[in-house]
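Subject: Structure handover

Hello,

Here is the structure I promised to pass on. Please open it first, then read my notes beside it.

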Amino acid sequence: MSTLQAITLDQVVDTDRYPLSDPESTEARAVVARARRELAEAGCTVLPDFVRPSFHDVLREECAALAPHAYFDVETVNVYNIEVDAELPGHHPGRRTFERGNAFVARDRIPGDALISRLYAHEPFQRFVADCFALPRLYELADPLSGLVLNVVRPGMGHPWHFDTNEYTVSMLTQEAQEGGSFEYCPNIRSAEDERFDDVRAVLDGSPARQPERLPLRPGDLQLFKGRYSLHRVSPVRGGLARHSAIFAYSERPGVIGSVARTRQLFGRVLPGHLAAEGRVRGDRLLD
């Protein structure tokens with residue numbers, strides 16, 4: 001499917017600004033230092049035009065061709081993506097429900113020669129991302145469906161408040177909505193040891209004391225994000241174009257696989273690997 005098979009990723013990525021293959025260079029060290037600082041302070045950093053502007057159209061066209069393979073189902077969810085009728089205290093933020101209408105193209109529907117597949121599995125890219133997160137290394141998710149996905153938010157839909165399954169999320173907008181579709185987040189609102197339900201509830205209530213950050217994103221930008229600990233959403237999309245975003249999910253531990261319930265919720269199906277891993281997929285005790 002890809003039109004880029006004969007082109008190396010070093011040609012596609014702006015390696016003058018982001019020298020993936022030369023991590024000891026002055027330029028690479030400066031980018032990594034800035035990324036670490038912003039991730040520590042705000043839980044998020046953006047690397048503008050990571051993909052060269054001359055390849056933005058190819059990136060958009062490849063992902064637009066994948067979008068029809070997305071599993072789409074409007075459903076009622078909560079922040080933690082647990083059962084909405086779960087027994088929780090009356091004031092618990094998990095009792096607040098939203099309509100989720102975004103869709104995902106699963107990893108096994110994305111060809112290995114697509115640009116986003118090649119980038120996800122590219123060792124210099126993985127090493128660069130790990131450096132930015134100040135980690136010795138990162139692992140691709142072992143999950144056969146959710147390690148690499150294309151998120152599709154159609155006009156009239158949004159991706160409501162949620163936390164990620166994986167600790168470290170890397171994403172790239174590939175098609176911008178005509179209107180709406182803003183990325184909003186609350187950095188480091190919880191930790192692996194503390195859910196901080198009161199703070200989460202304040203965001204859902206629209207409390208002035210807990211206003212989210214709004215992050216401008218453009219196609220080809222690379223976003224690094226601590227999505228496990230930062231509450232976030234994509235606001236409703238308006239106009240005639242869907243919002244497309246490639247999501248590269250990594251973990252600092254090997255073997256991470258999503259839960260059966262959440263996998264079925266996102267993709268409409270589970271595979272034997274999800275059933276085998278149920279109950280041993282997380283490294284923390286957070287609700288989701």
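**Two residues with positive phi**

At 28% relative accessibility, Asn188 counts as partly exposed. Asn188 sits in the loop between strand S10 (183–186) and H6. Its phi is positive, about 50°, although Asn188 is not a glycine. Keep in mind that this is a predicted model.

Asp49 also deserves a look. Asp49 is not a glycine, yet it has a positive phi of about 50°. Find Asp49 in the loop between strand S1 (44–47) and helix H3 (56–66). Asp49 is partly exposed, with a relative accessible area of 25%.

**The whole protein**

Now step back. The protein has eight helices and 15 strands. Its radius of gyration is 18 Å, close to the 19 Å that the globule rule gives for 288 residues, so the protein is as compact as a globular protein of that length. Along the principal axes, the C-alpha atoms fill a box of roughly 55 × 40 × 40 Å.

How much of the protein is buried? Buried residues account for 53% of the 288 residues. The exposed surface comes to about 12700 Å². Carbon and sulfur atoms supply 48% of that surface.

Next, the contacts. Take those between residues at least 6 apart in sequence. Of these, 85% join residues at least 24 apart.

Charges come next. There are 34 positive and 41 negative charges. Their mean positions are 2 Å apart.

**Aromatic rings**

How many aromatic pairs does the structure hold? The count is 13. Tyr80 lies in the loop between strand S2 (75–77) and strand S3 (98–100), and Phe197 lies in helix H6 (residues 197–204), so the pair ties together parts that are 117 residues apart in sequence.

Is Tyr80 buried or exposed? Tyr80 is buried, with a relative accessible area of 1%. Phe197 counts as partly exposed, at 28% relative accessibility.

There is also an aromatic cluster to find. Tyr18, Phe50, Tyr120, Phe125, Phe128, Phe248 and Tyr250 form it.

**Helix H7**

Go to helix H7 (residues 260–267). Six of its eight residues are buried, so H7 is largely enclosed by the rest of the structure. Which residues of H7 are buried? They are Val260, Arg262, Thr263, Gln265, Leu266 and Phe267.

What do the buried residues of H7 pack against? Their partners include S2 and S3. Strand S4 (103–105), strand S6 (148–153) and strand S7 (159–162) are on the list too, along with helix H8 (272–277). After H7 comes Gly268, which has a positive phi near 75°.

Start with Ser251. Ser251 belongs to strand S15 (residues 243–251). Ser251 is buried, with a relative accessible area of 0%. Leave out residues up to four places away in sequence, and Ser251 touches Leu138, Tyr139, Leu141, Glu167 and Val256. Compare its place with that of Asp85. The two are 166 residues apart along the chain, and 30 Å separates the C-alpha atoms of Ser251 and Asp85.

Then pick Thr174, in strand S8 (residues 168–175). Thr174 counts as buried, at 1% relative accessibility. Which residues does Thr174 touch, not counting residues up to four places away in sequence? They are Leu59, Arg60, Cys63, Leu150, Pro219, His244, Ser245 and Ala246. Look at Arg243 as well. The C-alpha atoms of Thr174 and Arg243 are separated by 7.9 Å, and the two residues are 69 apart along the chain.

End with Ser21. Where is Ser21? Ser21 is in the loop between helix H1 (9–12) and helix H2 (26–42). Ser21 counts as partly exposed, at 48% relative accessibility. Setting aside neighbours within four places in sequence, Ser21 is in contact with Asp10, Pro124 and Arg127. From Ser21 to Pro144 the distance is 28 Å, C-alpha to C-alpha. In sequence, Ser21 and Pro144 are 123 residues apart.

Best wishes

Note on methods
Residues numbered from 1 in each chain as written. Predicted model: local features only at pLDDT ≥ 70, side-chain atom pairs only at ≥ 80, totals over all residues. Heavy atoms only, no water. Helix = DSSP H or I, 4+ residues; strand = E, 2+ residues; numbered from the N terminus. Rg over C-alpha atoms; globule rule 2.2 N^0.38 Å. Buried < 20%, exposed > 50% of the residue type's maximum accessible area, 1.4 Å probe, protein only. Contact = heavy atoms within 4.5 Å. Areas by Shrake-Rupley, 256 points an atom, 1.4 Å probe, with all protein chains shown as cover. Lys, Arg positive; Asp, Glu negative; His and termini not counted. Charge placed at Lys NZ, Arg CZ, Asp CG, Glu CD. Phe/Tyr/Trp six-rings, centres within 6.5 Å; stacked < 30°, edge-to-face > 60°.
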